[in-house]
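Take one group of points at a time and look up each residue as you go.

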Amino acid sequence: MQLNLKSLFWNGIFVLVLLSICWLIYASGKRIDYNWNWERVVPYIATNAESSINAPEDGEIVLAANNQLVLENLSGDVIVELGNYSSLNVYEGDLIFEGDTLASIEEWRMGPILHGVITTVKISAWSLVFALVLGLFIGLMRISSNPALKKLSIVYIELIRGTPLLVQIFIVYFFIGTVLDLERFTAGVISLSVFTSAYVAEIVRSGIQSIPKGQMEAARSLGMNYPKAMMYVILPQAFKQTLPPLAGQFINLIKDSSLVSVISITDLTKAGREVVSGSFAPFEVWFTVAALYLILTSGLSWAIQALEKKLSASD
Amino acid sequence: MKNIIRAEKVNKIYPNGCHALKDVSVNVDKGEVIVIVGPSGSGKSTFLRTLNQLETISSGAIEIDGIDMYARSTDINKLRQDVGMVFQGFNLFPHKTALGNVMLAPLKVANRPHSEVKKDAENLLNKVGLADRQTNYPNHLSGGQQQRVAIARALAMTPNIMLFDEPTSALDPEMVGEVLDVMKDLAKEGMTMVVVTHEMGFAKEVADRVMFMEDGELIVSDTPENFFDAPSNPRLQKFLSKVL
Ligand SMILES: Nc1ncnc2c1ncn2[C@@H]1O[C@H](COP(=O)(O)OP(=O)(O)O)[C@@H](O)[C@H]1O
Ligand SMILES: [Mg+2]
């Protein structure tokens, strides 16, 4: 009972601190006469806007055999059927010029922020896969007894970890990207995967080295060659051990992906910057962007925890 | 009759300079059970591990079933399939169930069909008395059970030779018997076995020959009767007076 009261008290303190932080943000906004306008952000996430169907070329509106309006071009071919649209702007017999509005439809469309989220997810997912594969190979080279492989991997790891990601992005985009004629997106994925792989390699190395020597010996004594022993005995165990640090690294990857906006990839961060200038709601936009990043990172974190739980059956 | 194991003047010097084996020569016939005893650090494990090349040798020669282990044409992974090994610390694969441990090498090394491998593995676990523990992970088995799974795992590749490195030393006393019983059954079936152990009772009962190692040298090799009841070597006498 005593313990319960005490924990209740401290939980209360926790909630109180959170509430005061919220109040502080609100109060600071008030101080600079900021009008919070959250609804302004919504159209940039998704809109239910009208979009118009325009005539692709000159023609005339006629009633087709099935009693529906169609647009015929000057040589008499049907080019647009208008039966599917509810709000029509034209009548039978109208002369139409290229670019005229024929009809309009209402539909949900993603705003720039959601497009940014998709780009961020895409770039992070590709980079995650490549970083994992690359990091695994570099990590295996790192523990290899071959001096060439080992030293190459050490140079790689030190080089990548010793320079800022932003600089690496510029080098990949402006130097390698120019030489190999890479697209922005590819350049972004390359820099992020290379950067993350150096950290993954160290995680893989320490994971493998944490597996007792007897495991490799048992596998080899059964007649497995080195690659098979790695694949079926060592790596599955190391993988389980490295999941928590890998999760941290991949969360960093998602956050680091915001840096690719410097080479004009319209990811979530760049979308945020663009929207801020159009919406006159900078605070709301940046808080929204932060919340979306938080959703992505906690989603990944949750997925990895679920995987960890699944793998813990043998503990 | 041809020897199934021939070790000729084997020397092992570790990179740190430790001379762990000094001119050790041992010949083992098919079906023989050899027990090696000796004080800690005398080179017993090192010798056993040279027999499947978990340790390479510095000089000398080792032949398994007439095949020179260090010949260029020898595929060591193939040779190891013929030599099962059981470790003091079990070394079971913790991410695999008991059945998975036994099945892994036949599936991945011998590439045999799954259904056949599973049937054989079930028979092997049955043989070591663990038919009802197939789906247990190693962490959910007692030490004695783990070591019996390890024996089944080694047997799954149908080796002609089994090496045991102090298989009962890490076990609680009440579990030693169940593991020794499995080993006795194996010996009765005619398996060629080289066993490093401190279980003198097992040596007396099962061994065809008992060997004594000290300081990297093989000093005595004799029948269990002569070895235990009429030891002539003074160093062996001293050792036996301590352990018996
Ligand atoms: N990997 C190793 N590196 C260097 N020295 C070793 C290594 N393994 C064993 N030794 C040494 O070799 C000697 C024999 O060891 P070992 O074969 O384990 O003896 P035993 O099994 O009889 O106790 C010991 O002196 C030990 O310190
Ligand atoms: Mg030993």
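Helices (H or I, at least four residues) and strands (E, at least two) are DSSP runs, numbered from the N terminus. This is a predicted model, in which local features need pLDDT of at least 70, side-chain atom pairs count only at pLDDT 80 or more, and totals for chains, interfaces and linings use all residues. Residues are numbered from 1 along each chain as its sequence is written, chains are lettered from A and ligands numbered from 1 in the order in which they are written, and side-chain values use heavy atoms, with hydrogens and water left out.

**Two loop residues of chain B**

- Q53(B) sits in the loop between helix 1 and strand 4 (59-64) of chain B.
- The phi angle of Q53(B) is near 60 degrees, a positive value in a residue other than glycine.
- Is Q53(B) buried or exposed? With a relative accessible area of 16%, Q53(B) is buried (buried means under 20% relative accessible area, exposed over 50%, partly exposed in between, with a 1.4 Å probe and protein chains only).
- N111(B) also belongs to a loop, the one between helix 3 (98-108) and helix 4 (114-127) of chain B.
- N111(B) is not a glycine either, and its phi is positive, at about 55 degrees.
- N111(B) is exposed, because its relative accessible area is 56%.

**Ligand 1 and its surroundings**

- The residues around ligand 1 include Y14(B), P39(B), K44(B) and T46(B) (a residue is near a molecule or strand if one of its heavy atoms lies within 4 Å of it).
- Helix 1 (residues 44-50) of chain B gives the largest share of this shell, 3 residues.
- By type, the shell residues divide into 4 nonpolar, 7 polar and 1 charged. Here Ala, Val, Leu, Ile, Met, Phe, Trp, Tyr, Cys and Pro count as nonpolar, Asp, Glu, Lys and Arg as charged, and the others, Gly among them, as polar.
- A nitrogen atom of ligand 1 is 3.3 Å from an N or O atom in the side chain of Y14(B).
- From an oxygen atom of ligand 1 to an N or O atom in the side chain of K44(B), the distance is 2.9 Å.
- A polar side-chain atom of T46(B) is 2.4 Å from an oxygen atom of ligand 1.
- Ligand 1 taken alone exposes 560 Å², and the protein buries 64% of that (accessible areas come from the Shrake-Rupley method with a 1.4 Å probe; for residues, only the protein chains shown count as cover).

**Where the two chains meet**

- How many residues does the contact take from each chain? There are 24 residues from chain B and 19 residues from chain A (contact means heavy atoms within 4.5 Å).
- Between them, chain B and chain A bury about 1,900 Å², with 59% of it on carbon and sulfur atoms. Buried area is the accessible area (1.4 Å probe) that two parts lose on being put together, summed over both.
- F93(B), H95(B) and K108(B) supply 26% of the area that chain B buries against chain A, more than any other three residues.
- Q237(A), in helix 8 of chain A, touches P94(B) and H95(B) as well as I211(A) and Q215(A), not counting residues up to four places away in sequence.
- Q237(A) counts as buried, because its relative accessibility is 9%.

- G248(A) lies in helix 8 (residues 226-256) of chain A and is partly exposed, with a relative accessible area of 34%.
- S153(A) is part of helix 4 (residues 147-161) of chain A and is buried, with a relative accessible area of 0%.
- Leaving aside residues up to four places away in sequence, S153(A) touches I138(A), M141(A) and R142(A).
- I53(A), in strand 1 (residues 46-54) of chain A, counts as buried at 19% relative accessibility.
- I53(A) and F14(A) are 39 residues apart in sequence and 55 Å apart in space, C-alpha to C-alpha.

**A last stop in chain B**

- P224(B) lies in helix 8 (residues 224-229) of chain B and counts as buried at 5% relative accessibility.
- Between P224(B) and V24(B) there are 200 residues in sequence and 20 Å in space, C-alpha to C-alpha.

Notes. A polar contact is a pair of N or O atoms within 3.5 Å; within protein, one must be able to donate a hydrogen and the other to accept it, and residues adjacent in sequence count only if both atoms are side-chain atoms.
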